[in-house]
Amino acid sequence: MTIFYFVAFLSIFFALMTIFTKNPVHSVLYLVITFFTFTVHYILLNAQFLAVVNFIVYMGAIMVLFLFVLMLLNLNKEIEPMRSNVVKIMGAVAGMCMLATFLGAFKVLESNNEFVTGNTDVGLVKNLGKVLFDEFLLPFELSSILLLTAMVGAILLAKKETKEA
């Protein structure tokens with residue numbers, strides 16, 4: 001249990017560092033570390049598939065994309081507009097709404113709740129594969145066809161047309 005609390009502390013610490021860091025590149029790097037702590041949480045919760053997907057998709061692809069976009073934008077202090085008071089007030093209201101949501105979620109999730117301690121084999125890849133290929137085979141195949149169509153469309157749009165002489 002001490003590992004869980006230590007990783008939870010690291011998650012909150014690096015999430016706050018993501019928010020309060022002035023340099024956007026450092027903020028993205030802190031977000032990568034935060035996602036890594038989420039991966040450790042998934043492993044501690046016996047959800048290996050979610051841990052691998054979080055590691056590959058979020059840390060490997062999306063965060064690298066964020067980093068490239070930030071480096072391409074080349075943000076300067078002179079270019080960045082000043083934040084108005086309306087944005088600060090809306091941020092405070094959104095933060096209070098998030099705090100109320102967290103308090104409600106913690107009130108529902110008690111340690112003696114049967115949904116929390118019920119099934120220990122929920123996050124295993126074997127059980128996920130059984131459910132995915134038994135109950136949800138048609139939506140899984142339809143989503144794969146949709147992704148294949150999107151990939152072919154992206155290739156056709158990016159392909160340069162050759163002019164015949």
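## A tour of rings and a greasy patch

Start by selecting F9, F13, F14 and Y30: ring pairs link these residues into a cluster. Keep in mind as you click around that this is a predicted model.

Why are F9 and F13 separated by about one helical turn? Show helix α1, residues 2–20, and you'll see: the two sit four residues apart in it, so about one turn lies between them. Colour by accessibility next. F9 comes out as exposed, at 53%, because anything over 50% gets that label. F13, at 38%, counts as partly exposed.

How many aromatic pairs does a search of the whole structure find? It finds six. For one of them, select F4 and Y5. Their ring centres are 5.7 Å apart and the planes meet at 70°, so this pair is edge-to-face. Check the surface here too: F4 is partly exposed, with 31% relative accessibility, while Y5 is exposed, with 52%.

Next stop: the nonpolar surface patch. Select F36, F49, L50, V52, V53, F55, I56, V57, Y58, V125 and L128, which together make a patch of about 920 Å². Which helices each supply at least two of the patch residues? Show α3 (48–73) and α6 (125–134), and you have them. The largest share is from α3, with eight residues.

Finish on F49, one of the patch residues. You'll find F49 in helix α3, and at 37% relative accessibility F49 is partly exposed.

Technical notes
Residues are numbered from 1 along each chain as its sequence is written. This is a predicted model: local features need pLDDT of at least 70, side-chain atom pairs count only at pLDDT 80 or more; totals for chains, interfaces and linings use all residues. Side-chain values use heavy atoms; hydrogens and water are left out. Rings of Phe, Tyr and Trp (its six-membered ring) pair if their centres lie within 6.5 Å; planes under 30 degrees apart count as stacked, over 60 as edge-to-face and the rest as tilted. Buried means under 20% relative accessible area, exposed over 50%, partly exposed in between (1.4 Å probe, protein chains only). Patches are made of residues with over 30% relative accessible area and no salt bridge: like charges are joined within 9 Å, nonpolar side chains (Val, Leu, Ile, Met, Phe, Trp, Tyr) within 5 Å. Accessible areas come from the Shrake-Rupley method with a 1.4 Å probe; for residues, only the protein chains shown count as cover. A salt bridge is a side-chain nitrogen of Lys or Arg within 4 Å of a carboxyl oxygen of Asp or Glu.
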